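This briefing is meant to be read beside the sequence and the coordinates.

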Amino acid sequence: MRETPRAEPPQPRPHRAFAHTTGALGSGTPHRSDGRPPHTPRGARQPGPGDRPGTTPPVPGLSAVFWAVVVLSVVTWQVLVHGPLARLDERLSRALVDTVPRGLSEAASDLGNMTVALPVLAAAMAYAAWRGRRLAALYAALAMAAVPLLVVPLKEWTARPGPLEPWAHGYYPSGHTATAMVAYFGAAFLVSRRLVPVAAVLTAVTGTGLILRGFHWPLDVVASVALCLPLLRWPVLAARYGRAGRNTGQVEGTWGKRHSATPSSSRDGRTN
């Protein structure tokens with residue numbers, strides 16, 4: 001009596017890809033779904049720092065922009081009505097003016113001059129354009145162009161006198177602080193995020209020099225910082241999304257080269 005042959009377990013076929021595997025057994029090529037470009041938002045995430053898995057770039061600074069608008073509104077109202085906050089600001093300024101040598105405070109305040117700050121931003125814009133990030137450079141230029149469009153009307157509306165020149169008007173907010181903040185932070189966003197602390201120090205030194213020299217009240221500097229935070233959101237967005245788009249192009253270009261180098265596969269996994 002012949003024995004009934006036992007059923008053989010399924011044998012792996014050459015050039016055949018199994019589901020849930022990272023590659024076809026014996027073929028040496030990746031599974032065809034591994035090299036397929038992503039078709040869902042989940043698969044389109046951008047790499048994080050150090051090429052680690054990350055998420056799509058978030059929209060930054062919404063809470064900071066909100067509180068900046070609140071601070072600017074409150075400070076402007078106090079300056080217009082000469083409220084208690086403005087009176088406290090004046091007493092603080094009188095206690096701080098000329099507490100350091102004037103040469104030192106003037107040198108610090110000069111960091112907000114256009115002849116100093118604008119060349120720094122222009123060099124960063126040229127570098128960003130050379131690296132293919134023209135949109136980020138354009139947004140930084142627009143942010144700087146918006147500074148006088150916002151500062152000059154506020155100066156004329158508030159007509160605040162200066163600490164050492166009470167007969168003159170138009171000191172609120174500080175144009176030098178706004179110029180320094182947009183120029184140095186914009187340059188940092190365009191070149192490297194590691195330069196952001198340097199931009200913060202340069203802006204703080206500029207504002208401190210203006211206060212200690214008596215060129216501006218402390219609230220003039222605070223208002224300029226609050227005014228510039230929404231402006232700096234433009235180059236931040238452009239820098240993040242511009243970098244994300246460049247990384248996407250690099251990933252797709254790498255995949256295209258790898259895919260073209262491997263034999264094409266049919267639906268059943270057999271090579272043609």
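Are H5 and H6 roughly parallel or roughly antiparallel to each other? The model at hand is a predicted one, and in it the axes of H5 and H6 cross at roughly 170° and come within 10 Å; an angle over 145 degrees counts as roughly antiparallel, and H5 and H6 are therefore roughly antiparallel to each other. The chain as a whole has eight helices and zero strands, and 33% of its 272 residues count as buried.

**Confidence**

- The pLDDT of the chain averages 77, and 63% of the residues score at least 70.
- Among the elements of the chain, helix H7 (residues 196-213) has the highest mean pLDDT, at 97, whereas H8 has the lowest, at 64.
- Over residues 17-34 the pLDDT stays under 50, and the model has 25 contacts beyond four places in sequence for this stretch.
- Residues 37-60 likewise stay under 50 in pLDDT, and for them the model has 31 contacts beyond four places in sequence.
- Where pLDDT is low, the predicted coordinates should not be read in detail.

**Overall arrangement**

- Read from the N terminus on, the elements of the chain run α-α-α-α-α-α-α-α.
- When contacts between residues at least 6 apart in sequence are taken, 70% of them join residues at least 24 apart.

**The largest nonpolar core**

- The largest nonpolar core holds 37 residues, of which Val147, Val182 and Leu190 touch the most other members.
- Two or more residues of this core are given by each of helix H1 (62-81), helix H4 (114-130), helix H5 (134-158), helix H6 (175-191) and helix H8 (218-261), and the largest share, eleven residues, comes from H6.
- Leu190, when residues up to four places away in sequence are not counted, touches Leu121, Ala124, Met125, Tyr127, Ala128, Arg133, Ala136, Ala137 and Ala140.

**H5 against H6**

- On the H5 side, the contact between H5 and H6 is made by Ala136, Ala137, Ala140, Ala143, Met144, Val147, Val151 and Lys155.
- On the H6 side, this contact is made by Gly175, Ala178, Thr179, Val182, Ala183 and Leu190.

**H3 against H7**

- Helix H3 (residues 102-109) packs with H7 at an angle of about 140°, their axes lying 7 Å apart, and that angle makes H3 oblique to H7.
- The crossing of H3 and H7 is left-handed, and the residues that make the contact are Arg102, Ser105, Glu106, Ala108 and Ser109 of H3 together with Val205, Thr206, Gly209, Leu210, Leu212 and Arg213 of H7.

**Two buried residues in helices**

- Phe185 is found in helix H6 and is buried, with a relative accessible area of 13%.
- Leaving out residues up to four places away in sequence, Phe185 touches Ala180, Val196, Ala199, Ala200, Thr203 and Leu232; the C-alpha atoms of Phe185 and Ala200, which are 15 residues apart along the chain, are separated by 7.3 Å.
- Ser93 lies in helix H2 (residues 84-96) and has a relative accessible area of 1%, so that Ser93 is buried.
- Beyond its neighbours within four places in sequence, Ser93 is in contact with Pro163, His216, Trp217 and Pro218.

**Backbone points in the loops**

- The peptide bond from Tyr172 to Pro173 is cis, with omega near -5°, and Pro173 has its place in the loop between H5 and H6.
- Ala159, which is also placed in the loop between H5 and H6, has a positive phi of about 50° although it is not a glycine, and with a relative accessible area of 31% Ala159 is partly exposed.
- Asp98 is found in the loop between H2 and H3, where its phi is near 60°, a positive value in a residue other than glycine; Asp98 is partly exposed, with a relative accessible area of 35%.

Terms used: Residues are numbered from 1 along each chain as its sequence is written. This is a predicted model: local features need pLDDT of at least 70, side-chain atom pairs count only at pLDDT 80 or more; totals for chains, interfaces and linings use all residues. Side-chain values use heavy atoms; hydrogens and water are left out. A nonpolar core is a set of buried Ala, Val, Leu, Ile, Met, Phe, Trp, Tyr and Cys residues joined through side-chain atoms within 4.5 Å. Buried means under 20% relative accessible area, exposed over 50%, partly exposed in between (1.4 Å probe, protein chains only). Helices (H or I, at least four residues) and strands (E, at least two) are DSSP runs, numbered from the N terminus. Contact means heavy atoms within 4.5 Å. pLDDT is the predictor's confidence in each residue, from 0 to 100. Axes are lines fitted to C-alpha atoms, for helices over the stretch in contact, and angles run from 0 to 180 degrees between N-to-C directions. Angles under 35 degrees count as roughly parallel, over 145 as roughly antiparallel, 65 to 115 as roughly perpendicular and the rest as oblique. A crossing is left-handed if the near helix is turned anticlockwise from the far one by less than a right angle, and right-handed if clockwise.
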